[in-house]
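Subject: The structure I promised

Hi,

Have it open next to you while you read.

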Amino acid sequence: MQPNFLIRRAVQLGLTANALRPLRARSTTIPAFFAGWLTAELAPQFLALTLADAAVHVARHGAADRSTKAGLAMAAASTAGLASLIRTGHGAREEIEKALTSALGEDYAAELGRSDLGLPWGELVLPFRMGAPDVRVDRNIAYAPGGKRFLLDVYRPATPVSGAPVLLQVHGGAWVIGNKEEQGRPLMRYLARRGWVCVAINYPLSPAHRWPAHIVAAKKALAWIRAEITSYGGDPRFVAVTGGSAGGHLSALLALSQNDPALQPDFEDADTSIQACVPHYGVYDFAATSGAPASKYRLESLIARRVFAPDRDPVNHLDDYIAASPLDRISSEAPPFFVIHGRDDSLVPVREAREFVRRLREKSRNPVAYAELTGAQHAFDVFTSVRSAHVVRGVARFLDFTYNAWKAENG
């Protein structure tokens, strides 16, 4: 008997099954997300390990005993499931392209010229290696007084540029955790190689800092970009914003609350306009006005308790929550949006993104692209994977197209 082999194969099969069909009970939300996220995005690596483990075990112990046969059967099932996950990850390319052609037109790609659609095999082999010799990173620059939560990093080409479009990256973490070094790096690295200047920010976190400290800080960072980014080669006239989860909420709110003096205390005259927005798996129904059970649960269990001040409950101060909710701030003045969400997201149900996009398309005068990714969990873009590589390249095409259209209009 070889119980260790059987246990390893059983665990891997369970992880694969959860990645294919995530557990839906509220009590399993966090473990289902974490296990499904890693398994789906690292499916090629898990497939290689599964095959290697089975081969080594058979070479050492043979395949005669019942335990090994059961383990090999589980390995075969895992192999089939992981192969399916890899195919689904590759499917993101078509899903992204369909979203872009639907929003920008069938001939949008021809206007961009040659596009880089190939996978970065070196990055896929080492998905957690984030450095790049052709990208310069200026770290821990203060954009406002207040310490480490008011610092930013600038990613730019190693060869100096000038007048480059700018991307603002806002990290997620449920408004209570997170850091500028942890998210958005594959996208920023790719864009910097293509001549963009990217800025990743920290911002105050709850419960030490209560709303609206988070969005006020993000707007202060935007004001810093407008004042200082020329020194780093950027064009302060064109700033796109992106972020995931809570960062998706903040980036969408930045785009939908441009120059709102209520969110710019003591810097009301700063230009906080946004020229494009690409939120990933964002929280849009912040005030739970849609009535969706998941939104109401998040509001009651997290936002009202830890993000807002204790004396600002949503019953007596609902207007404050609505003012912080992208779903409730949509107008015809919304900039171009590219909303991206995973269909299997365990933390922010995809229905929330669908409703946000529906309302955006009803009111906005600008393009609204929407990609719903089959098999994708929350946080699918944190490191390089087959899926995230396709998403990064699609986001770059959207941003390049939007920037070119802006340049044609503004010079």
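Let's begin with the aromatic rings: there are 21 aromatic pairs, where rings of Phe, Tyr and Trp (its six-membered ring) pair if their centres lie within 6.5 Å, with planes under 30 degrees apart called stacked, over 60 edge-to-face and the rest tilted. Take W224 and Y232: their planes are at 45 degrees and their ring centres 5.8 Å apart, so this pair is tilted. Both W224 and Y232 are buried, meaning under 20% relative accessible area, while exposed is over 50% and partly exposed is in between (1.4 Å probe, protein chains only).

Before going further, please keep in mind that this is a predicted model, in which local features need pLDDT of at least 70 and side-chain atom pairs count only at pLDDT 80 or more, while totals for chains, interfaces and linings use all residues. Residues are numbered from 1 along each chain as its sequence is written, and side-chain values use heavy atoms, with hydrogens and water left out.

Now look at Y284 and F356, a stacked pair with 4.2 Å from centre to centre and 0 degrees between the planes. This pair links distant parts of the chain, 72 residues apart: Y284 is in the loop between β6 (276-280) and α11 (293-307), and F356 is in helix α13 (residues 350-363). Helices (H or I, at least four residues) and strands (E, at least two) are DSSP runs, numbered from the N terminus. Y284 counts as buried because its relative accessibility is 0%, and F356 is also buried, with a relative accessible area of 0%.

On to the overall layout. The chain is divided into domain 1 (5-91) and domain 2 (93-410), with bounds from an automatic or database domain assignment. Their centres, taken over C-alpha atoms, are 33 Å apart. The contact between them (heavy atoms within 4.5 Å) takes 21 residues from domain 1 and 26 residues from domain 2. An unreviewed UniProt entry places "domain: BD-FAE-like" at residues 152-360; such annotations may be inferred rather than shown by experiment. That span is 33% helix and 19% strand, and its end C-alpha atoms lie 30 Å apart.

Helix α14 (residues 386-410) has 25 residues and reaches 36 Å from its first C-alpha to its last, close to the 36 Å expected at 1.5 Å a residue (1.5 Å times one less than the number of residues). How much of α14 is covered? Mostly: 19 of its 25 residues are buried. After α14 comes G411, with a positive phi near 80 degrees.

Last, two single residues. D344 lies in the loop between β7 (337-342) and α13, and counts as buried at 12% relative accessibility. Leaving aside neighbours within four places in sequence, D344 is in contact with A19, L20, P22, R24, G375, A376 and Q377. T242 lies in strand β5 (residues 234-244) and is buried at 1% relative accessibility. Beyond its neighbours within four places in sequence, T242 has contacts that include L167, V170, S251 and H280.

Cheers
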